[in-house]
Amino acid sequence: SLRPSLDPAQARPAAPVCGVQVSVLEPSPMTLPIFVSFWTNEAYSAHASKLAASLKNLQLEFDMIALPDLGDWQANVKHKPRFMIDMLTKHKRPVCWVDADAVVLRGPEALRGLGRFADIASCKLERPGRGSERLGGTLWAAPTVAGCWFLEEWDRRCKTETVWDQRILGDMIDGLGADTTGVRHVELPPAYCYIFDITKQLHPDVEPVIEHHQASRQLRKDR
């Protein structure tokens, strides 16, 4: 079941809401997010076209663009939090980041109305004997003070730390229970960041909602 990691009554951090007035950012109670993504490598274009087609097939709103390459794979992926902030500012409603090499296979109903009790939502991969890993391939965010603060802090750390964005994300989410930021995090089911081979092996009975093909594995080998 979906449940907040923190008590929603906790105080929110005093921070700007993605540069937009708070009063215009109240999410509709049962809204679905706008799906957002970017890619910087021409090799991702075909994948992005498949993602767009899958979203159109389900009549889901999306905003996806190609961006200039920032020089290397890590620099590109570390642009994700800033891009999500820009998308929240632009659309003034919840957004859901999905890697460009993913496809959405069925209606993402677990994302409907998350803004009632969450600021951030993500998936975790649990592998026996290997511990857990926070996944950044699917990441939902609300246009709330806490949601924007979280993304701004993630962006700040991505710019100052040498580890990759997903590890910073995991460290931040793991620390939410011990801090006073008031960021409400929800764990999404494995179906929402379903890695085509790993999740299938771990959860053979799970039907994927958002399936990730992780093209970066091959692209990083080719570079």
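# Gln 59 and the labels around it

User: Where does Gln 59 lie?

Analyst: Gln 59 is in the loop between helix 1 and strand 2. Helices here are DSSP runs of H or I with at least four residues, strands are runs of E with at least two, and both are numbered from the N terminus. Keep in mind that this is a predicted model, where local features need pLDDT of at least 70 and side-chain atom pairs count only at pLDDT 80 or more, while totals for chains, interfaces and linings use all residues. Residues are numbered from 1 along each chain as its sequence is written, and side-chain values use heavy atoms, with hydrogens and water left out.

User: What makes Gln 59 exposed?

Analyst: The cut-offs are under 20% relative accessible area for buried, over 50% for exposed and partly exposed in between, with a 1.4 Å probe and protein chains only. Gln 59 has 74%, so it counts as exposed. Its phi is also positive, near 55°, in a residue other than glycine.

User: Why is Lys 92 called partly exposed?

Analyst: Its relative accessible area is 37%, so Lys 92 falls in the middle class. It sits in the loop between helix 3 and strand 3, and it too has a positive phi near 55° without being glycine.

User: And how do you know that Leu 60 counts as buried?

Analyst: Leu 60 comes in at 11% relative accessibility, so the buried label applies. Like Gln 59, it belongs to the loop between helix 1 and strand 2. Leaving out residues up to four places away in sequence, Leu 60 touches Leu 32, Phe 35, Leu 55, Val 104 and Pro 108, a touch or contact being heavy atoms within 4.5 Å. Pro 108 is 48 residues away in sequence, with 9.3 Å from C-alpha to C-alpha.

User: Why are helix 3 and helix 4 called roughly antiparallel?

Analyst: Axes are lines fitted to C-alpha atoms, for helices over the stretch in contact, and angles run from 0 to 180 degrees between N-to-C directions. Under 35 degrees is roughly parallel, over 145 roughly antiparallel, 65 to 115 roughly perpendicular, and the rest oblique. Helix 3 and helix 4 pack at about 150°, with axes 8 Å apart, so the pair is roughly antiparallel. Residues making the contact include Met 84 and Leu 88 of helix 3 and Leu 151 and Cys 158 of helix 4.

User: What makes helix 5 largely enclosed?

Analyst: Of its 10 residues (165-174), 7 are buried, so the rest of the structure largely encloses helix 5. Among them are Asp 165, Ile 168, Leu 169 and Met 172. The buried residues pack against helix 2, helix 3, helix 4, strand 5, strand 6 and strand 7.

User: How do you know that strand 5 and strand 6 are joined?

Analyst: Pairing takes at least two bridges found by DSSP, and these antiparallel strands have 8. Cys 123, for one, stands opposite Leu 135 in strand 6. The hairpin leaves 3 residues between the strands, and Gly 129 there has a positive phi near 80°. Strand 5 also pairs in parallel with strand 7, through 3 bridges.

User: What makes strand 2 and strand 7 stand at the edges?

Analyst: The open sheet has 6 strands in the order 2-1-3-6-5-7, with mixed pairing. Strand 2 and strand 7 each have a single partner strand, so one side of each lacks a neighbour in the sheet. From one strand to the next, the twist averages 35°. The partner of strand 2 is strand 1, in the parallel sense, over 5 bridges.
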